[in-house]
Amino acid sequence: MDHFPGVAVVTGAARGIGAAIATGFAESSCHRIAITDILETELIGVCKSLLTRFNPKDDPEGLTILALPGDITSEPFIEEFFNAVKAKFGRVDYLINVAGVGKPYRRSVEIDVQEFDFINNVNYRAAWLCSRTALRIMTAQEPLASPGNNEGWARPAQRGSIVNIASQLGLVSRPGASAYCASKAAVIGMTRADAIDYSKDSIRVNCVCPGIIETEMTTSSGVVREGLVDSIDIAPMGRMGNVREIADCVLFLSSYRASFVQGHAMVADGGYIIN
């Protein structure tokens, strides 16, 4: 079982990858979790489901969740959310920036500025705002000790970890997705720059680049699913990924087991970008 004694914060946690990551932390005995999403009803549903499963008797030493719905592109809301996390739990140890939106498959001249801004505000700017706010908290808090091993060696203490959800399309591009590809490439660039800047603070910053994952976004209609067939076939594994497979990558990067992993863009895409 992984060792997560700190506080986990997950954005975009109402469904899909975000909900799977929140579940993964709970399964790994992280007892303090904060989640947010603009989808209020679904967010509260995830909260209730996790508490029913992992703390049905409302044990004060068991799982505690702060669920605060809101617009992750709003700087005032982000301040409100992280202030609430700090007030309830006292610290932030694992930030997972998941909130994201899909892409209209159109060329640049066919996309208006509002669409471009929406994609970048959710996928990149919101991740930057959340990271900036979390880093202010992390740099001011005491680090958590990491467990040793059987040989008596102790890993360096960690003051915090951030994992951003980017995309395979932040590393390679496809037709008709210029705004989306650029937003995810920006997330990877931000990840690497923050990793350099905050290494001296014992904070690790990494990202996961999923391929096509089976979520509401990719299975919402037959038309959407049909449009992804060629992309799925490009990947040697020839299938969509499962949200839990992405959650597993995030949990590893957040954990003490990844203590020497910094500024990494972990690709989980069934082999898409190598083919």
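This is a predicted model: local features need pLDDT of at least 70, side-chain atom pairs count only at pLDDT 80 or more; totals for chains, interfaces and linings use all residues.
Local features need pLDDT of at least 70, side-chain atom pairs count only at pLDDT 80 or more, and totals for chains, interfaces and linings use all residues. Residues are numbered from 1 along each chain as its sequence is written, and side-chain values use heavy atoms, with hydrogens and water left out.

User: What makes strand 4 and strand 5 a pair?
Analyst: Two strands pair if DSSP finds at least two bridges between them. Strand 4 (residues 94-97) and strand 5 (residues 160-165) have four bridges, in the parallel sense, so they meet the definition of a pair. Leu95 stands opposite Ile162 in strand 5. Strands here are DSSP runs of E, at least two residues, and helices are runs of H or I, at least four, numbered from the N terminus.

User: Why are strand 3 and strand 7 called edge strands?
Analyst: The open sheet has seven strands in the order 3-2-1-4-5-6-7. Strand 3 (64-67) and strand 7 (265-268) each pair on one side only.

User: Why is helix 1 called oblique to helix 9?
Analyst: Their axes, lines fitted to C-alpha atoms over the stretch in contact, with angles from 0 to 180 degrees between N-to-C directions, come within 8 Å and cross at roughly 55 degrees. Under 35 degrees counts as roughly parallel, over 145 as roughly antiparallel, 65 to 115 as roughly perpendicular and the rest as oblique. Helix 1 is therefore oblique to helix 9.

User: Which residues of helix 9 make the contact with helix 1?
Analyst: Contact means heavy atoms within 4.5 Å. Helix 9 contributes Val243, Arg244, Ile246, Ala247, Val250, Leu251 and Ser254.
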